[in-house]
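Subject: Structure handover

Hello,

Please find the structure below. My notes on it follow.

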Amino acid sequence: MALLEVSGVSKRFGGVQAVDGVGFRVEQGMVKAVIGPNGAGKTTLFNLVSGFFAPDRGEIRFAGDPIQGRRPYQVAQKGISRTFQNIKLFSGMTALENVMVGRHLRSRSGFVSGMLRLPWTRREEAEVREKSRELMAFLGVEQLADAEATSLAYGQQRAVELARALCSDPRMVLLDEPAAGLNMRETAELAKLILRIRDRGITVLLVEHDMSLVMGISDEVAVLSYGQKIADSDPRSVQRDPQVVKVYLGEEEC
Ligand SMILES: Nc1ncnc2c1ncn2[C@@H]1O[C@H](COP(=O)(O)OP(=O)(O)OP(=O)(O)O)[C@@H](O)[C@H]1O
Ligand SMILES: [Mg+2]
């Protein structure tokens, strides 16, 4: 059984068929990438899996259980965590506090109570703080714990966001364009971080435009074009697929 199994999933916004009958599988322990031109439906697919939207049709199973149409906090409770295409860190909070908030994404009240820190006892808070420090160390950014989160460099903010996604002990993380805005050195660092996350036993599903990153770390790559899946295989086969080549060359001509 695949950890994540998406079958025949569709989502329309007004006149736009953003996702059109898409199915794919992600095996436990794998790094899988979803690529495709701008507007292909990649983020929408993530929003469907993570519960931000309900699909119009289709089924999404996680660890065997249907999760389509569940609320984001319910999906998070099942063990799926995510980062966003546009980094969402809270200003006026330290990097460490931003990571700690991740623990709360499993609760119904989510971000808001995380910011107010209402539901924590002192002991819980100490435990979450310790865990958050450990995750920042794991991602090599422990020295930034007390810095104001939004004042950090872009690559550092990405690492903080990753640590926050890991703070809820997910079985799978969805990363939406983690290399966006990073320079080559930061992207190479990110590749190592993603593989370390996988080595921790966490399955990774990744949307990314940076082909060297995608082809370097993915076990499988699915390709979307206009909401439809046009390829889904190992990186080498996908790179040689005539339909995929056509979609990307077409994009460059624009
Ligand atoms: N909340 C929304 N409301 C209306 N239309 C939307 C919404 N989200 C996405 N769309 C539309 O659905 C289509 C797919 O968008 P999506 O953001 O999923 O693409 P993407 O593959 O992530 O693109 P990019 O690489 O630019 O991030 C686009 O035409 C987009 O305008
Ligand atoms: Mg997107």
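Strands here are DSSP runs of E, at least two residues, and helices are DSSP runs of H or I, at least four residues, both numbered from the N terminus.

Some ground rules first. This is a predicted model, in which local features need pLDDT of at least 70, side-chain atom pairs count only at pLDDT 80 or more, and totals for chains, interfaces and linings use all residues. Residues are numbered from 1 along each chain as its sequence is written, while chains are lettered from A and ligands numbered from 1 in the order in which they are written.

**Sheet**

Back to the hairpin. Two residues lie between its strands, and Gly-14 takes a positive phi near 55°. Further along, Lys-11 is bridged to Val-19 in β2. Glu-5 stands opposite Arg-25, also in β2. In total, seven bridges join β1 (residues 4-13) to β2, and the two strands run antiparallel.

β1 also pairs with β4, again antiparallel, over five bridges. There, Ser-7 faces Glu-59 of β4. Pairing requires at least two DSSP bridges between two strands.

The whole sheet is open and has four strands, in the order β2-β1-β4-β5, with antiparallel pairing. Its edges are β2 (16-26) and β5 (65-66), each pairing on one side only.

Helix α1 (residues 42-49) packs on this sheet. The helix touches β1, β2 and β4 (57-62), and its direction makes about 65° with that of β2. Contact means C-beta atoms, placed from the backbone, within 7 Å. Axes are lines fitted to C-alpha atoms, for helices over the stretch in contact; angles run from 0 to 180 degrees between N-to-C directions.

**Helix α1**

Seven of the eight residues of α1 are buried. Among them are Leu-45, Phe-46, Leu-48 and Val-49. A residue is buried with 20 or more other C-beta atoms within 10 Å of its own, exposed with 12 or fewer, and partly exposed in between, with C-beta atoms placed from the backbone. Gly-51 follows α1 with a positive phi, near 90°.

**Core**

The largest nonpolar core has 65 residues. Such a core is a set of buried Ala, Val, Leu, Ile, Met, Phe, Trp, Tyr and Cys residues joined through C-beta atoms within 7 Å. Val-49, Val-99, Val-160, Ala-163, Val-173, Val-204 and Val-223 touch the most other members. Helix α6 (residues 154-166) gives the largest share, six residues. Domain 1 and domain 2 each supply at least three residues to this core.

Val-223 is worth a look. Leaving out residues up to four places away in sequence, its contacts include Ile-35, Ile-230, Val-238 and Val-244.

**Domains**

The assignment gives domain 1 (1-79 + 170-254) and domain 2 (88-169). Such bounds come from an automatic or database domain assignment. The domain centres, taken over C-alpha atoms, are 25 Å apart. At the interface, 13 residues of domain 1 contact 15 residues of domain 2. On the domain 1 side, α2 (72-78) and α7 (184-199) are the elements that give two or more residues. The largest share, five residues, comes from α7.

Best regards

Notes:
Two residues are in contact if their C-beta atoms, placed from the backbone, lie within 7 Å.
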